[in-house]
Amino acid sequence: MESANQTASVTEFILLGLSAHPKMEKTFFVLILLMYLLILLGNGVLVLVTVSDSRLHTPMYFFLGNLSFLDICYTTSSVPLILDSFLTPRKTISFSGCAMQMFLSFAMGATECVLLGTMAFDRYVAICNPLRYPVVMSKAAYVPMAAGSWAAGSAASMVQTSLAMRLPFCGDNVINHFTCEILAVLKLACADISINVISMGVTNVIFLGVPVLFIFVSYIFILTTILRIPSAEGRRKAFSTCSAQLTVVVVFYGTILFMYGKPKSKDPLGADKQDLADKLISLFYGVVTPMLNPIIYSLRNKDVKTAVRNLVSEKHFTW
């Protein structure tokens with residue numbers, strides 16, 4: 001009964017953010033706001049061209065449109081909260097608001113892991129089995145693959161969020177983060193979180209380990225096939241179709257592995273510095289990566305560049 005009363009008393013959480021570094025808050029507010037606007041613009045344009053340009057109605061660009069829309073949803077679930085925390089003296093969020101933000105962020109991150117795996121499969125079939133590509137990657141196949149990515153990410157997030165928010169929180173409601181990041185929230189629980197840890201471990205294997213292994217194996221076959229192409233022009237053209245996605249995969253998974261895989265400092269001063277570094281890396285993962293995706297794809301893809309130019313010229317002509 002006492003535990004239930006303590007849990008009920010926690011109606012809101014305080015987001016610590018960069019409170020210990022007030023001089024950095026205004027600088028980061030401007031930087032994050034500009035990055036967020038670029039994310040909305042860049043990914044919004046990619047979504048628009050993949051929908052409106054009939055020449056981009058292929059599996060590869062369908063997945064790209066999904067990735068861009070996902071990046072908009074992911075950043076919108078957290079960036080407005082981060083920006084508000086930079087300006088508000090008391091950085092609070094309601095219990096239900098924290099649960100919703102946690103669910104959306106986790107769902108978008110898990111969905112992107114699966115979606116990048118499906119994009120790797122698309123490139124594998126296109127390059128290693130080009131004659132079977134129209135059959136294997138038909139609309140009846142790639143639409144359910146994308147929908148399945150969203151469904152799987154949402155289901156995993158629902159499980160993790162439900163397990164986390166059912167825990168008792170005994171008075172300490174200060175989250176040492178910008179947002180309701182699930183690991184930061186679990187640290188506040190005053191109960192055994194072994195089930196949460198096991199569940200998170202299983203989820204990480206399914207949504208991080210399996211897609212990474214699948215992408216790695218797919219690109220081994222892809223690179224092997226490309227190297228067997230006799231002409232240099234053929235190799236360049238084949239590699240250009242998958243180099244953009246490979247770059248996105250390296251940035252996305254590289255940041256995650258660096259963020260969660262590095263050792264923790266036992267020195268108090270070192271721990272404080274590491275804590276600040278963890279927060280800044282989290283910002284990079286949540287803001288810079290979605291901002292880079294449309295830049296990478298537009299710079300490395302002639303079809304996208306052509307579609308964007310056509311869209312801009314049409315709008316200019318209309319005006």
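Keep in mind that the model is predicted.

Let's start with helix 3. Helix 3 covers residues 59-76, so to speak 18 residues. From first C-alpha to last, helix 3 reaches 26 Å, close to the 26 Å expected at 1.5 Å a residue. How many of its residues are buried?

Now the cavities. The structure holds two of 30 Å³ or more. Helix 3, helix 5, helix 10 and helix 11 each supply at least two lining residues. Helix 10 gives the most, with five. By class, that lining has eight nonpolar, four polar and three charged residues.

On to the second largest cavity. About 60 Å³ of space lies there. Its lining includes Asp71, Glu112, Phe252 and Asn293. Helix 3, helix 5 and helix 11 are the elements that give two or more residues to this lining. Which helix gives the most? Helix 11 does, with four residues. The classes here are four nonpolar, three polar and two charged.

Last, Phe207. Phe207 sits in helix 9, residues 194-227. Is Phe207 buried or exposed? Its relative accessibility is 11%, under the 20% cut-off, so Phe207 counts as buried. Phe207 touches Ala110, Cys113, Val114, Ala152, Gly153, Ala156 and Tyr253, leaving aside residues up to four places away in sequence. Gly117 is 90 residues from Phe207 along the chain, with 9.7 Å between their C-alpha atoms.

Technical notes. Residues numbered from 1 in each chain as written. Predicted model: local features only at pLDDT ≥ 70, side-chain atom pairs only at ≥ 80, totals over all residues. Heavy atoms only, no water. Expected span 1.5 Å × (residues − 1). Buried < 20%, exposed > 50% of the residue type's maximum accessible area, 1.4 Å probe, protein only. Contact = heavy atoms within 4.5 Å. 1 Å grid on protein atoms, 1.4 Å probe; cavity = no way out; pocket = protein on both sides within 12 Å on 5 of 7 lines; lining within 4 Å. Points joined across faces, edges and corners; volume = space filled by probe spheres on them. Nonpolar A, V, L, I, M, F, W, Y, C, P; charged D, E, K, R; others polar.
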